[in-house]
Amino acid sequence: MSVFKDAGHLFRFAGLFVLAFIVFWAIRGYVVPKSFGQYGHYRGNAIGEIAARSVHFAGHDTCETCHTDVLDVKKNGKHAHVNCEACHGALAKHADDPASVTPPKLDTAVLCVRCHATTAAKPKGFPQVSAEEHSTGLPCETCHQPHSPAMVAGGAK
Amino acid sequence: MSGVEGFMYPNEIELHWSVLIVLYPYITGLVAGAFILASLERVFNVEAVKPTYRLALLTALSFLLVAPLPLQLHLGHPERSPEMYFTPHSTSAMAMFGYVYLWYLMAVLVFEIWLDYRRDIVLLSQKTKGMTRWIYTIMTLGSSNISKRSLHIDERVGWVVTLVGIPSAFLLHGYVGFIFGSIKANPWWSSPLMPVVFIFSAMVSGIAGVMVIYMATTKLRGRKIDMRCVDTIAMYLFYTFIIDFSLEMLDLIHRIYEADESFRSLDFMVHSKLFFSQIVLQIGLGTLVPLILLGLTQVAKLPELARKRIYSFAGALTLIGIFAMRWNVVIGGQLFSKSFLGYTTYKMSLVTKEGLIVAVGLTLLPLGILWVLVKLLPPWPEDHATQGAAAD
């Protein structure tokens with residue numbers, strides 16, 4: 001069959017493709033995790049690994065079991081729906097061992113402006129200030145009670 | 001904040017896509033355009049452009065090899081990029097593009113070049129000595145059959161590959177336009193015309209690129225430029241350019257007439273931040289001037305020297321103009337806020353991973369690769385004729 005003889009080089013080139021495909025498939029089999037695609041377009045084992053991670057956040061219910069005094073101040077104020085750990089950070093370790101793990105003291109001059117600095121992107125009704133003009137860098141808690149900011153601490157707002 | 005006017009959302013201030021992402025569609029476009037020029041000879045039997053056929057194929061390959069590098073340099077973890085091939089997601093345009101790229105590289109360009117050069121490769125593997133002999137012997141894939149019948153089969157198969165290559169080239173560059181055109185959150189990009197505009201601008205840049213490279217290399221080799229060839233290329237460049245320019249103007253007129261909520265913001269940007277790169281460089285110097293010059297060669301009987309100068313000048317301006325077009329698409333699309341109330345500034349770094357020096361290096365790298373390829377596989381018509389005579 002002279003056609004096959006004269007087209008032999010084409011089969012060699014096609015052989016290169018087959019070889020490349022086999023190499024690709026072999027590498028793919030090696031590098032793609034076995035659990036990939038088990039539930040969707042991700043590694044199935046990732047769910048178990050994530051679930052096995054230690055918990056960092058205690059949740060506000062846990063905080064409120066001890067800090068009832070703060071809850072009483074907070075529940076009627078503007079920050080009633082702001083979770084404790086939104087400002088104080090993840091404190092599961094403190095909840096597990098309150099005596100030896102003490103949460104760090106927060107700097108309200110830095111913390112409050114994360115939400116309350118003036119930008120055009122925020123809704124008009126949201127309380128926002130230019131910290132430099134409003135307080136000249138003083139900590140917000142000098143005048144405001146952070147757990148219920150509408151209340152005035154120290155006499156002036 | 002320096003460089004910011006009006007209101008920008010925080011994540012819009014710094015541009016995420018730098019000059020390297022400008023280079024990516026530019027280089028890919030040169031590939032598609034160069035291949036389409038090569039296909040003119042092969043499929044449409046335009047004999048006049050034959051002297052550039054092989055050069056166009058090698059140019060396309062050189063640029064195609066460099067095309068993914070800007071993307072790799074842009075990635076924070078380039079070593080993760082093969083995952084796109086191993087676990088592709090059907091909704092990822094980039095993953096699908098990866099396959100289009102591989103298909104185009106191996107099944108179209110490398111295969112076509114191999115088929116076209118096979119006789120030369122076999123002859124060179126017998127004539128040369130030492131290391132080069134080994135290289136050519138590997139390239140023959142162990143087959144030294146250059147009988148008339150086998151070369152006839154190569155010719156027929158090559159024709160089919162080129163035929164398949166034309167839609168592949170369209171797909172390759174259409175996809176680049178598609179990636180931008182499908183970003184519906186960005187009114188500067190989101191347009192179904194984007195893939196079509198990208199394809200035609202790719203053809204323009206590729207044809208201009210090969211024309212300039214052919215004229216420069218012929219001059220450097222001290223040979224005579226085939227005027228029938230460059231006249232024909234310039235004619236195709238002119239007509240393709242008219243279609244490209246018409247499509248871009250159609251897009252512009254459509255935007256002006258539609259005047260949606262983004263229009264005032266985008267219009268202001270074109271008249272301020274993008275005035276130089278869009279109005280002056282892309283439309284003025286990069287499109288209208290070359291169109292007028294090329295049009296002049298079509299209507300007036302100019303002497304050979306004048307035509308050569310016009311082609312070189314218009315070709316270079318075209319390449320700058322198409323680069324400006326990519327710049328205006330990629331950078332322009334990130335300069336305005338989604339709030340339509342503000343603008344930011346792109347400040348190109350110099351020596352960083354995505355800086356100017358790397359960008360210049362990546363632009364020159366394909367020319368270096370082309371130099372090696374040309375040494376290995378001479379594309380010159382006279383060499384072809386000599387070796388053809390030797391084979392006979």
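**View 1. The contact between chain A and chain B.** In this predicted model, 15 residues of chain A meet 17 residues of chain B, two residues being in contact if their C-beta atoms, placed from the backbone, lie within 7 Å. On the side of chain A that touches chain B, helix H1 (2-6) and helix H2 (8-31) of chain A each supply at least two residues, and H2(A) gives the largest share, 7 residues; helices (H or I, at least four residues) and strands (E, at least two) are DSSP runs, numbered from the N terminus. This side of chain A divides into 8 nonpolar, 4 polar and 3 charged residues, where Ala, Val, Leu, Ile, Met, Phe, Trp, Tyr, Cys and Pro count as nonpolar, Asp, Glu, Lys and Arg as charged, and the others, Gly among them, as polar. Residues are numbered from 1 along each chain as its sequence is written, while chains are lettered from A and ligands numbered from 1 in the order in which they are written. Because the model is predicted, local features need pLDDT of at least 70 and side-chain atom pairs count only at pLDDT 80 or more, whereas totals for chains, interfaces and linings use all residues.

**View 2. Chain A as a whole.** Chain A has 10 helices and 0 strands, and its radius of gyration of 30 Å is well over the 15 Å that the globule rule gives for 157 residues, so chain A is more spread out than a compact globule; the radius is taken over C-alpha atoms, and the rule is 2.2 Å times the number of residues to the power 0.38. Along the principal axes, the C-alpha atoms of chain A fill a box of roughly 105 × 40 × 25 Å. Buried residues make up 8% of the 157 residues in chain A, a residue being buried if 20 or more other C-beta atoms lie within 10 Å of its own, exposed if 12 or fewer, and partly exposed in between, with C-beta atoms placed from the backbone. Of the contacts in chain A between residues at least 6 apart in sequence, 51% join residues at least 24 apart.

**View 3. Domain 2 and domain 3 of chain A.** Chain A is divided into domain 1 (8-52), domain 2 (55-104) and domain 3 (106-157), with bounds that come from an automatic or database domain assignment. The centres of domain 2 and domain 3 of chain A, taken over C-alpha atoms, are separated by 21 Å, and their contact takes 9 residues from domain 2 and 8 residues from domain 3. Helix H5 (68-74) and helix H6 (84-88) of chain A each supply at least two residues of the domain 2 side, to which H5(A) gives the largest share, 3 residues. By class, this side of domain 2 of chain A has 3 nonpolar, 4 polar and 2 charged residues.

**View 4. The two domains of chain B.** In chain B, the domain assignment gives domain 1 (1-17 + 230-347) and domain 2 (21-182 + 350-385), whose C-alpha centres lie 27 Å apart. Each of the two gives 11 residues to the contact between them. On the domain 1 side, helix H9 (227-258) and helix H12 (304-330) of chain B each supply at least two residues, and H12(B) gives the most, with 6 residues. That side of domain 1 of chain B has 9 nonpolar, 1 polar and 1 charged residues.

View 5. Not counting residues up to four places away in sequence, B:Met211 touches B:Val230, B:Ile233, B:Ala234, B:Leu237, B:Tyr311 and B:Gly315. In helix H2 (residues 53-66) of chain B, the end C-alpha atoms are 21 Å apart, which agrees with the 20 Å that its 14 residues should span at 1.5 Å a residue, the expected span being 1.5 Å times one less than the number of residues. Since 13 of the 14 residues of H2(B) are buried, this helix is largely enclosed by the rest of the structure.

**View 6. Two loop residues of chain B with positive phi.** B:Leu141, in the loop between helix H6 (130-139) and helix H7 (148-181) of chain B, has a positive phi of about 60° although it is not a glycine. With 18 C-beta neighbours inside 10 Å, B:Leu141 counts as partly exposed. B:Ala259, in the loop between H9 and helix H10 (263-271) of chain B, has a positive phi near 40°, and B:Ala259 is exposed, with 11 other C-beta atoms within 10 Å.
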